[in-house]
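The following questions and answers walk through one protein model, step by step. Please look at the sequence and the structure first, and then read on.

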Amino acid sequence: MYLDDKGNKALSLVSVRPQKNIAILKFAEINSIEQAQEMKNKILYCNRDDAEIGEDTYYLADIIGCRVIDADSGEDYGEVKDVMNYGSCDIYDVVKDKKHYLIPATPDIIAELDLDSQVIKIHAMKGLFNEN
């Protein structure tokens, strides 16, 4: 292991493989179970410029702060404050006037995702924002 310019341990990622609901990571600098145990419960950070993600994928952090707009009427529903996932899909926690609205990020609701403009256009389902 070596230290980066801020004194943090820097690791070289060799491989990643999924294992149920976690990822198994292999680092070049970790070669024993004892070294791996030292990393247990540690938070790992990655420079996002070093990560390779698909063209139609994005980081959840990029969703936070986006405005949610009705694709048909242009009505502003608020800003995404959090992204949650309970298994079937991501759920955007949208806040407007101190009220929280939970929007499922499914293809029938999300019409357009423009991260450059930080705008998410949706087709609001009945009852999502009001009783109508």
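Q: In which strand is Pro-104 placed?
A: This is a predicted model, in which local features need pLDDT of at least 70 and side-chain atom pairs count only at pLDDT 80 or more, while totals for chains, interfaces and linings use all residues. Residues are numbered from 1 along each chain as its sequence is written, and side-chain values use heavy atoms, with hydrogens and water left out. Helices (H or I, at least four residues) and strands (E, at least two) are DSSP runs numbered from the N terminus, and the run of residues 99-104 that holds Pro-104 is strand β8.

Q: Is Pro-104 buried, partly exposed or exposed?
A: Buried means under 20% relative accessible area, exposed means over 50%, and partly exposed lies in between, with a 1.4 Å probe and protein chains only. Because its relative accessibility is 21%, Pro-104 counts as partly exposed.

Q: Which residue of strand β7 (residues 90-96) does Pro-104 touch, among others, when residues up to four places away in sequence are not counted?
A: Contact means heavy atoms within 4.5 Å, and with that rule Pro-104 touches several residues, including Cys-89, Ile-109 and Leu-128. Strand β7 is the place of Asp-90, and among the residues that Pro-104 touches is Asp-90.

Q: Which side chain of opposite charge is nearest to Asp-90, and how far away is it?
A: Lys and Arg count as positive and Asp and Glu as negative, whereas His and the chain ends are not counted. A salt bridge is a side-chain nitrogen of Lys or Arg within 4 Å of a carboxyl oxygen of Asp or Glu. Asp-90 is buried yet has no salt bridge, and its nearest side chain of opposite charge is Arg-48, at 13 Å.

Q: Which residue forms a salt bridge with Arg-48?
A: In this pair the closest N and O atoms are 2.6 Å apart. Both partners lie in the loop between α1 and β5, so the bridge ties together parts that are 14 residues apart in sequence. Arg-48 is partly exposed at 40% relative accessibility, and its partner is Asp-62.

Q: Which residues are linked with Glu-79 in a network of salt bridges?
A: Glu-79 forms a salt bridge with Arg-67, where the closest N and O atoms are 3.6 Å apart. Glu-79 lies in strand β6 (residues 76-85) and Arg-67 in strand β5, so this pair ties together parts that are 12 residues apart in sequence. Glu-79 also forms a salt bridge with Lys-81, with the closest N and O atoms 3.3 Å apart. The network links Glu-79 with Arg-67, Asp-76 and Lys-81.

Q: How many salt bridges does the rule count?
A: The pairs of Asp-62 with Arg-48 and of Glu-79 with Lys-81 are salt bridges. By the rule, the count comes to four.
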